Amino acid sequence: MAAAGARMTAEVAEQPAVFSSLVARREEIAAVARLVAARRPRFALLAARGSSDHAALYAKYLIEVLLELPAGLVSPSTTTLYGARPDFTDVLYLSVSQSGGSPDLVAATEAARAQGALTVAVTNTPSSPLSDAAELSVDIRAGEELAVAATKTYTATLLSLYLLVDAIRGGTGAAVADIGELSATALAAPIDDAVDRFRDIERVVTTGRGYSSATAAEAALKLAETSYLGARSYSGADLLHGPVAAIDDRTGVVAVTSKGLGATAMRDVVGTVRDRGASVLAVGSSAPDVAADLRIAVPDTFEEVAPILEILPLQRLALALALARGGDPDNPRGLNKVTRTL
């Protein structure tokens with residue numbers, strides 16, 4: 001019988017190789033991007049669940065900032081439960097699902113295509129029902145993932161979405177040319193101090209701004225599903241609008257801060273939560289410059305690429321905390337690899 005966390009450990013370690021392979025196959029994604037660009041969508045919608053929902057949030061920022069198109073996250077239940085059939089003419093509809101097997105995403109994608117959308121499935125399972133439902137598909141090529149907690153499939157989805165959006169705008173993927181090497185460095189960042197500080201904390205808040213909002217959301221999910229922590233994620237802006245009242249010296253705060261406009265906007269947030277007595281862990285390329293109790297630095301890169309690196313030490317933190325607290329992150333209680341919702 002495999003040791004607790006063996007699968008998650010192995011899959012976390014595979015990510016640099018997955019990234020390098022995916023970048024080498026950039027042209028496959030660029031071919032899809034050219035078809036999208038030729039259709040000149042007027043705005044984009046993204047459908048996803050779970051970790052993929054956080055990847056979709058990242059894509060929303062990419063689309064709005066890099067393509068300057070309006071973008072939004074859809075609620076599949078408006079189609080599957082309420083039967084809504086909006087006019088999707090000239091809409092780019094991206095369905096993001098690592099398994100490609102969620103019935104609600106498949107049904108919502110079929111309905112969007114029937115209503116005129118250009119549908120693109122982004123999935124790790126090219127033979128999935130979701131890929132069949134969409135007009136176009138992007139294979140993230142992460143390989144089989146056996147641990148329940150998504151790690152390499154999440155980050156491969158981020159990288160695939162970046163390559164897709166970058167290619168739509170005519171880019172060459174230069175910003176991620178060395179992402180394999182950079183990710184190996186990010187995975188080697190020391191986390192022991194953070195494990196020691198957070199192992200006995202029961203309440204964690206994760207926060208970030210801009211692109212890093214997706215990292216904060218994914219980190220909260222990983223901490224909740226592997227270590228059973230009461231973890232919540234907030235935008236740095238939203239955190240100061242009310243939830244900060246619940247933060248005290250029994251709260252751990254993970255502040256995702258990579259160099260760029262998002263990190264600049266996080267300075268007051270970090271100062272405020274630290275003043276309230278919280279243990280603050282800063283993670284990102286600007287972590288060394290943040291007034292935090294603990295810091296995990298990742299390599300510098302373009303701000304729009306940073307979420308691919310930021311999450312890596314946080315995956316390791318979730319894994320290590322689960323083991324330190326006596327759990328098995330490969331098999332979190334009550335969870336399955338594919339969640340089927342209607």
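User: What is a salt bridge here, and which residue does R274 meet in one?
Analyst: A salt bridge is a side-chain nitrogen of Lys or Arg within 4 Å of a carboxyl oxygen of Asp or Glu. This is a predicted model; local features need pLDDT of at least 70, side-chain atom pairs count only at pLDDT 80 or more, and totals for chains, interfaces and linings use all residues. Residues are numbered from 1 along each chain as its sequence is written, and side-chain values use heavy atoms, with hydrogens and water left out. At 3.3 Å, N to O, the side chain of R274 meets that of D293.

User: How many residues apart are R274 and D293?
Analyst: R274 sits in helix 13 (residues 261–275). D293 lies in the loop between strand 9 (279–284) and strand 10 (294–297). Helices (H or I, at least four residues) and strands (E, at least two) are DSSP runs, numbered from the N terminus. The pair links distant parts of the chain, and its separation is 19 residues.

User: Is D293 buried, partly exposed or exposed?
Analyst: Buried means under 20% relative accessible area, exposed over 50%, partly exposed in between (1.4 Å probe, protein chains only). D293 has 28% relative accessibility, so D293 is partly exposed.

User: Which residue forms a salt bridge with R34?
Analyst: R34 is at 47% relative accessibility, partly exposed. The closest N and O atoms of the pair are 2.4 Å apart, and the partner is E27.

User: How many salt bridges are found in the whole structure?
Analyst: One of them joins E28 and R25 at 3.0 Å, N to O. The search of the whole structure gives 15.
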